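Please consult the sequence and the structure while reading.

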Amino acid sequence: MRRVARIAGPVLIVVWTLVPLLWLLSLSLKGGDHIDDGRFWPAAPTLHNYRTVFRTDLFTSALRNSIGISLIATVLSVILATLAAYAIARLDFPGKKLMLSVALAIAMFPTISLVGPLFDIWRSVGLYDTWPGLVIPYLSFTLPLSIWVLSAFFREIPWEMEQAAQVDGATPWQAFRKVIVPLAAPGVFTAAILTFFFAWNDFVFGISLTSTGRARTVPAALAFFTGASQFEQPTAAIAAAAVVVTIPVVAIVLAFQRRIVAGLTSGAVKG
Amino acid sequence: MTAAAVGAPARAERRLGWMLCGPALAVMVGVTAYPLAEAVWLSLYSYRITDPAGRRFVGLRNYGVILTDHLWWSDVATTVLITVVTVAVELVIGFAFASVMHRIVFGRRLVRTAVLVPYGIITVVAAFAWRYAFALDTGFVDHVFGLGHLAWFGQRTPALFVIILAEIWKTTPFISLLLLAGLAQVPGELLEAAEVDGATRVQRLFRVTLPNMKAAIMVALLFRTLDAYRIFDTVFVTTNGAAGTETVSFLAYRQTITRTALGLGSAVSVLLFVSVVLIAVVFVKGFGVDLARARGER
């Protein structure tokens, strides 16, 4: 009985997490005639929908925008957060707790509350429907997240090793580069992955602050996708696009599973 | 950097600390406090983007309009319902997941990877998967479970069921990983001692395990409650707010962006912000959630 439970538990978890993904994949492989057949698996799998998606400018430009905007927001956040987290972990100054509290408070901010004013301001200063117009609001959630995760990671670094290396004759720069950087790099990398996930996931800013392929991101484009032609249902094409943007997520999770779990739990990141 | 390390005046260390934190703090405050202040200011006006000339100061009238409107309260009720059910169910499922992952021997890596996928996937993508699964035309649920032609999105209860299911699927992994970390901190000796003393499994769970992971549970609860209360993406994709599934975030979006009624919309946004702050205060003051202590900060 106990052995059954020991196997059944993990199997149930995997089934529960993967069924919706398999369903999307199966839907994306269904041809136009089979889309309404009410079955889980495709009767005659076809890659037609993937061809449609990659021929659709709205999707390809959204993919470009999403990757570019998310990467810029991630890099900016991680750089600023690394400086702050270093100070929080290593220096003794009265603002430490304040920094973490501010980061936490802002992480819990309802993003939709910023949309109205930003919509108004961006339209008057010409940032509406541009990359910076999304990168800037993205910082409101990516930066607190990076600070939170990085300061948790940096706390665990044995900083004395830097001095030890200097005692052994290393220059400060050598000590930093050869000792601290290798110790800090995994944490920085993990923070970058989590931050990227959050930026990549944004929908609220994506639909509110863009109007065309110039800056519209993938989640927003998916929601407004109407199909290759007026007469074709967009369902299967949306499913194909959804699968395409999920592949990188699955790849990253597969490659860095342990680090992501460590980053999530040590920093008690929001979901 | 080195000056601080060799014990130079604390003032230098303090200055360096602020220099390093300054840019991040300035950016965080700049991108949130400024728009929020603007929202408060806008909320005092009657202002539609399509009619800038008609903009006029109305004081607190927008708030009066909202708070006496039936729609606001029904949206609040919907949001609270979604939040409470989602968080309660995923706390239970999340704990079950965490227990399985805590004891797992084979396939540890596979299970953790599987659990992380819903966490990492785009919310909109997940919402589409659930919407298409339940849809009358493309769905398989009615067919596979022999439900005939049940229109899930046509009525409030079934529509909310799908929305809540989608949210639970997407966010349970986060809770389960936090609880897994909490489980790892329950002292093994305590559990053994309880077993030696003849405590049943249920007693050990409620008397030893759960009290010892209270901090992790409260953190998970706080984060997820605040997050669930802001629900927007899933509602947008599945029902677009129809069939009585509109939430507070969706109302704010509809007023500001769809109707371009910036004054009224901003007032909704400010009220949403205030309710999120209230929830956080209740957790921190009422339940004594100490986030700094929960993550081992001195």
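Helix α3 (residues 57–90) of chain A and α2(B) have axes that come within 8 Å of each other and cross at roughly 140°. Axes here are lines fitted to C-alpha atoms, for helices over the stretch in contact, and angles run from 0 to 180 degrees between N-to-C directions. Helices (H or I, at least four residues) and strands (E, at least two) are DSSP runs, numbered from the N terminus. α3(A) and α2(B) are therefore oblique to each other; angles under 35 degrees count as roughly parallel, over 145 as roughly antiparallel, 65 to 115 as roughly perpendicular and the rest as oblique. The crossing of α3(A) past α2(B) is left-handed, a term used if the near helix is turned anticlockwise from the far one by less than a right angle, with right-handed used if clockwise.

The model is predicted: local features need pLDDT of at least 70, side-chain atom pairs count only at pLDDT 80 or more, and totals for chains, interfaces and linings use all residues. Residues are numbered from 1 along each chain as its sequence is written, while chains are lettered from A and ligands numbered from 1 in the order in which they are written.

**The interface between the chains**

Which residues bring α3(A) and α2(B) together? From α3(A) come A:Leu80, A:Ala81, A:Leu83, A:Ala84, A:Tyr86 and A:Ala87, and these meet B:Leu16, B:Gly17, B:Leu20, B:Cys21, B:Pro23, B:Ala24 and B:Val27 in α2(B). Two residues are in contact if their C-beta atoms, placed from the backbone, lie within 7 Å. By class, this contact of α3(A) with α2(B) has twelve nonpolar residues, one polar and no charged. Ala, Val, Leu, Ile, Met, Phe, Trp, Tyr, Cys and Pro count as nonpolar, Asp, Glu, Lys and Arg as charged, and the others, Gly among them, as polar.

Taken over the chains, 85 residues of chain A are in contact with 87 residues of chain B. On the side of chain B that touches chain A, helix α2 (residues 10–42) of chain B gives the most, with 19 residues. That side of chain B comprises 61 nonpolar, 15 polar and eleven charged residues.

**A helix pair within chain B**

Helix α5 (residues 108–120) of chain B packs on helix α8 (residues 156–184) of chain B at an angle of about 125°, and their axes are 7 Å apart. α5(B) and α8(B) are therefore oblique to each other, and their crossing is left-handed. In this pair, B:Val115, B:Leu116, B:Pro118 and B:Tyr119 of α5(B) meet B:Trp169, B:Lys170, B:Pro173, B:Phe174 and B:Ser176 of α8(B). The residues of the contact of α5(B) with α8(B) are seven nonpolar, one polar and one charged.

**Chain A and the domains**

Chain A contains eleven helices and zero strands. Its C-alpha trace spans about 75 × 65 × 30 Å along the principal axes. Of the 271 residues in chain A, 49% are buried; a residue is buried if 20 or more other C-beta atoms lie within 10 Å of its own, exposed if 12 or fewer, and partly exposed in between, with C-beta atoms placed from the backbone. Among the contacts in chain A with a separation of 6 or more, 75% join residues 24 or more positions apart.

The domain bounds below come from an automatic or database domain assignment.

| Chain | Domain 1 | Domain 2 | Distance between C-alpha centres |
|---|---|---|---|
| Chain A | 1–46 | 56–267 | 31 Å |
| Chain B | 2–42 | 71–257 + 270–294 | 34 Å |

Seven residues from domain 1 of chain A and eight residues from domain 2 of chain A form the contact. The side of domain 1 of chain A that touches domain 2 of chain A has five nonpolar, one polar and one charged residues.

**Individual residues**

A:Arg3 is placed in helix α1 (residues 2–28) of chain A. A:Arg3 counts as exposed because it has 7 C-beta neighbours inside 10 Å. From A:Arg3 to A:Phe196 the C-alpha distance is 40 Å, and the two are 193 residues apart in sequence.

Most residues other than glycine have a negative phi. A:Asp129, a residue other than glycine, has a positive phi near 60°. A:Asp129 is in the loop between α5 (112–125) and α6 (131–155) of chain A, and with 17 C-beta neighbours inside 10 Å it counts as partly exposed. B:Thr260, also not a glycine, has a positive phi of about 50°. B:Thr260 lies in the loop between α13 (248–258) and α14 (262–286) of chain B, and its 16 C-beta neighbours inside 10 Å make it partly exposed.
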